[in-house]
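This briefing is for a reader new to the structure. Please look over the sequence and the model before reading the points below.

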Amino acid sequence: MPYNIVVLAKQVPDTKAVTGKAMKDDGTVNRQALPAIFNPDDLYALEMALAIKDSYGGSVTVLTMGPPQAAELLRQALYRGVDRVALVTDRRAAASDTLATSYILSCAVKTAAPYDIVVCGRQAIDGDTAQVGPQLAEKLDLPQITYVEAVEEIRNGKITVRRNTDHGLETVAGPLPLLMTVTDKAPDPRYPSMKRVMHYKKAMTASAAAAQSLPTPPTEFLIEEWNLDKISADPQRAGMSGSPTAVKRIQAIVLTGSEYKEIKPTQEGIDSLVHELIEDHTIG
Ligand SMILES: Cc1cc2nc3c(=O)[nH]c(=O)nc-3n(C[C@H](O)[C@H](O)[C@H](O)COP(=O)(O)OP(=O)(O)OC[C@H]3O[C@@H](n4cnc5c(N)ncnc54)[C@H](O)[C@@H]3O)c2cc1C
């Protein structure tokens, strides 16, 4: 039986490419100074969705919320095999915390309906809260399974998956429709297909086309652009007005090597280190 799958993916600054210019003087992230990448967990989420489609048929839609540049993430998704993409972009959504983000994304998922499975990454490498997936499940009134590393089977309206927690592996089943969050223990993401790169490299939003004085691309190459009105989202629940959390203080932590201990590479040295770590309750 075919399944309609919606994947949520976020464009994030590449935190592995941090240089001295990564922070502005006011302590906020200088996004211009960092290359933007597909959030790593979301590539695993996308792979899981595409693998379900390969096995059972259906369609994969990718949604992202972000500035116009996030259209690049959607092109990357098209290169890997997705059927439909939409960029949720609206100035009124700027400065959304996780509560507002998950509200806006829930409206976007409803706009992309029908859906049987909603797939998120476990965590974004910039905000790093891992809150958006579970909050989205709550707002969509869907059951959720987090920390998924493999889909075992989908049958009779039920999905069976393997979860990888800190304490071991669990096999869990849940009724569809359902939301799951996926970790990087899942099967490796596929590479973009060269054929699809050539085919979709000029896919863009109508606004990007207008900015280059080009006609609106035909549906196949159109990256849909959704604002808050299009997804019937209440602007009061988006952006600043919908975000009850506030950052009180940002502190730059500089780790200095003022104190160190040399451990001899002998059995005695290792035994003493292990003993010390157990005493400290670091391990054990
Ligand atoms: C207190 C606080 C204040 C903040 N203030 C600001 C601010 O002023 N300006 C600002 O830009 N950001 C701000 N943020 C960050 C912003 O809230 C988060 O980037 C956003 O809500 C997503 O949360 P996250 O990055 O922790 O994602 P996580 O919860 O770690 O992401 C989990 C998964 O949810 C999905 N997901 C998350 N975000 C998106 C998205 N945008 N589109 C599609 N899928 C997504 C992905 O599948 C991802 O793997 C703030 C965050 C906090 C906690």
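The points below cover the ligand and its surroundings, then an aromatic pair.

The model is predicted. There are 28 residues around the ligand, and the structure holds 2 aromatic pairs.

**Residues around the ligand**
- Leu 8, Lys 10, Asp 42, Ala 124 and Thr 129 come nearest to the ligand.
- By class, the shell around the ligand divides into 11 nonpolar, 11 polar and 6 charged residues.

**Polar contacts and cover**
- The side chain of Asp 42 has an N or O atom 2.5 Å from an oxygen atom of the ligand.
- For the side chain of Asn 39, the distance from an N or O atom to an oxygen atom of the ligand is 3.4 Å.
- Val 132 takes part through its backbone, where a polar atom is 2.8 Å from an oxygen atom of the ligand.
- On its own the ligand has 950 Å² of accessible area, and the protein covers 81% of this.
- Two or more residues of the shell come from each of these elements: β4 (58-65), α3 (98-111) and β6 (117-121).

**An aromatic pair**
- The structure holds 2 aromatic pairs, one of them formed by Tyr 3 and Tyr 56.
- The ring centres of Tyr 3 and Tyr 56 are 5.7 Å apart, and the pair is edge-to-face because the planes stand at 75°, an angle over 60 degrees.
- Tyr 3 in strand β1 (residues 3-8) and Tyr 56 in helix α1 (residues 40-56) are 53 residues apart, so the pair links distant parts of the chain.
- Tyr 3 is buried, because its relative accessibility is 4%, which is under 20%.
- Tyr 56 is partly exposed, with a relative accessible area of 26%.

Methods
Residues are numbered from 1 along each chain as its sequence is written. This is a predicted model: local features need pLDDT of at least 70, side-chain atom pairs count only at pLDDT 80 or more; totals for chains, interfaces and linings use all residues. Side-chain values use heavy atoms; hydrogens and water are left out. A residue is near a molecule or strand if one of its heavy atoms lies within 4 Å of it. A polar contact is a pair of N or O atoms within 3.5 Å; within protein, one must be able to donate a hydrogen and the other to accept it, and residues adjacent in sequence count only if both atoms are side-chain atoms. Accessible areas come from the Shrake-Rupley method with a 1.4 Å probe; for residues, only the protein chains shown count as cover. Helices (H or I, at least four residues) and strands (E, at least two) are DSSP runs, numbered from the N terminus. Ala, Val, Leu, Ile, Met, Phe, Trp, Tyr, Cys and Pro count as nonpolar, Asp, Glu, Lys and Arg as charged, and the others, Gly among them, as polar. Rings of Phe, Tyr and Trp (its six-membered ring) pair if their centres lie within 6.5 Å; planes under 30 degrees apart count as stacked, over 60 as edge-to-face and the rest as tilted. Buried means under 20% relative accessible area, exposed over 50%, partly exposed in between (1.4 Å probe, protein chains only).
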